[in-house]
Amino acid sequence: MWTYYLTQLVHSLPFFLKGLWMTVAVSGISLVAGTILGFLWGIIRTRRSKFLYHLIGAWVDLIRGTPFLVQIFIVFFILPEAGIHLDAFPAAIISLTNLGACFICEIVAAGIRSVPWGQKEAATASGLTQLQQLRYVVMPQAMKTILPPLVGQYVLLIKDSSVVSAIGVMDVTRAGWLTVQRVPQGLMVFALVGILYFIICYPLIRLSNLLEKKMGRGTTSF
Amino acid sequence: MLEAFNFRVILEYMPLFLKCFMATLWLSGAGLLGSLVVGTLACAMRISRSKLLSGAAGVYIESIRSTPLLAQIYFFYFGLPSLGIMVTEEMTGVIALTLNSGAYMAEILRAGVQSVPFGQIEAAVASSLNYFQRMRYVVLPQALGVTIPPMLGQAIVLVKDSALLSLISITELTRAGQIMTSERFMPAEGFLTTAVFYLVIYFVLKSVAAWSEKRLIFHESR
């Protein structure tokens, strides 16, 4: 019986790989967009404007305080009431990008704050403009603090992308969910799903650990 | 959209929401207690000298951390019956939350224990304290303080993660929003009310975490 199910599972492997491609697409697009948006918000948060600081802070709190599933449902079911009709794929991208941006924004802001104040003063004294300060003085140093948790955040986002299967995006989790209706071997089917995620996430986790060690050494010698 | 926002219906559904609020609290509470037990065990195994125990705990922690919770929930939901183990959905949910959160708890505890300088343990050995005395009077008092803020952070994650249990038809907060959406076709009212309830839990836990962090710094500076 097990071998029979196993061959059935092997036959549906192309289906899983299609799902894997969808997972990579959804999380890849959201990672890039979320990183850009997150860096932007993070930099704005460390500027002088109190209003923008609190505005972004409140938004981040709202997003961090509610489950991602609820956020997806809000984007997917409530926006149509406001006249914005979205397919499952763009709805998934929007909510995942926003989630990523909120977490990355906090990481970036913390990284920028970790740069000693004297560095900024020295840059100002050297006559660098605000943009030059950011580009040549603050960010290169802040990246040491930002990079390890950033990669860790990517892992979380890739894992969170599994939740978009709830609104019908055909990702790996959805592929597993559909397959288990035909192949009633939940352990086998979702072990396969797990392995596929593991292949993507585990190297990133190792990379994050490695960066933490490397950057840690870097900052102590600094 | 908002001009048609119907507070009367929300009020009508309030008993359901309150019931589901309690369900979310007990599901994540049970998950938290379970994960403390599992996490302590896994941490003890991970830092033990035995290669076998440490390796087993490592496999458990890494495989949980590199796969999404939703896949783990489905793994148990569809997998346990195929092993002939019949438990209720709630039980399945608590098991999945416990095992998932346990891996993260183990890492938090490990970071706490390893934050105690080795000299402290050497000093304790030199003072001829035995293993339990060393743990009770030297290691744990220092380690626990460090672990409490990240543990509260994990509790916040756990509450949000419990939203995924709605996908295996457990009646909790997110499910209440879904029920309201399908019965009255009011996704805005349903899911925004759900979000507000989660935010209440989030802000309570967040302020407790902030308070504990402040207490911790006070302790260290003393």
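Predicted model: local features only at pLDDT ≥ 70, side-chain atom pairs only at ≥ 80, totals over all residues.
Student: Where does B:Ser169 lie, and what is its phi?

Tutor: B:Ser169 lies in the loop between helix H7 (131-161) and helix H8 (173-184) of chain B, and its phi is positive, about 55 degrees, although the residue is not a glycine.

Student: What makes B:Phe185 count as exposed?

Tutor: The cut-off for exposed is 12 or fewer neighbours, and B:Phe185, with 11 C-beta neighbours inside 10 Å, therefore counts as exposed. B:Phe185 is placed in the loop between H8 and helix H9 (187-221) of chain B, and its phi, near 50 degrees, is a positive value in a residue other than glycine.

Student: How do you know that chain A and chain B are in contact?

Tutor: Contact requires C-beta atoms, placed from the backbone, within 7 Å, and by that criterion 32 residues of chain A are in contact with 33 residues of chain B. On the side of chain A that touches chain B, helix H4 (68-78), helix H8 (172-182) and helix H9 (186-221) of chain A each supply at least two residues, and H9(A) gives the most, with 11 residues.

Student: Which classes of residue make up the side of chain A that touches chain B?

Tutor: That side of chain A has 22 nonpolar, eight polar and two charged residues.

Key. Residues numbered from 1 in each chain as written. Chains lettered and ligands numbered in written order. Contact = placed C-beta atoms within 7 Å. Helix = DSSP H or I, 4+ residues; strand = E, 2+ residues; numbered from the N terminus. Nonpolar A, V, L, I, M, F, W, Y, C, P; charged D, E, K, R; others polar. Buried ≥ 20, exposed ≤ 12 C-beta atoms within 10 Å, placed from the backbone.
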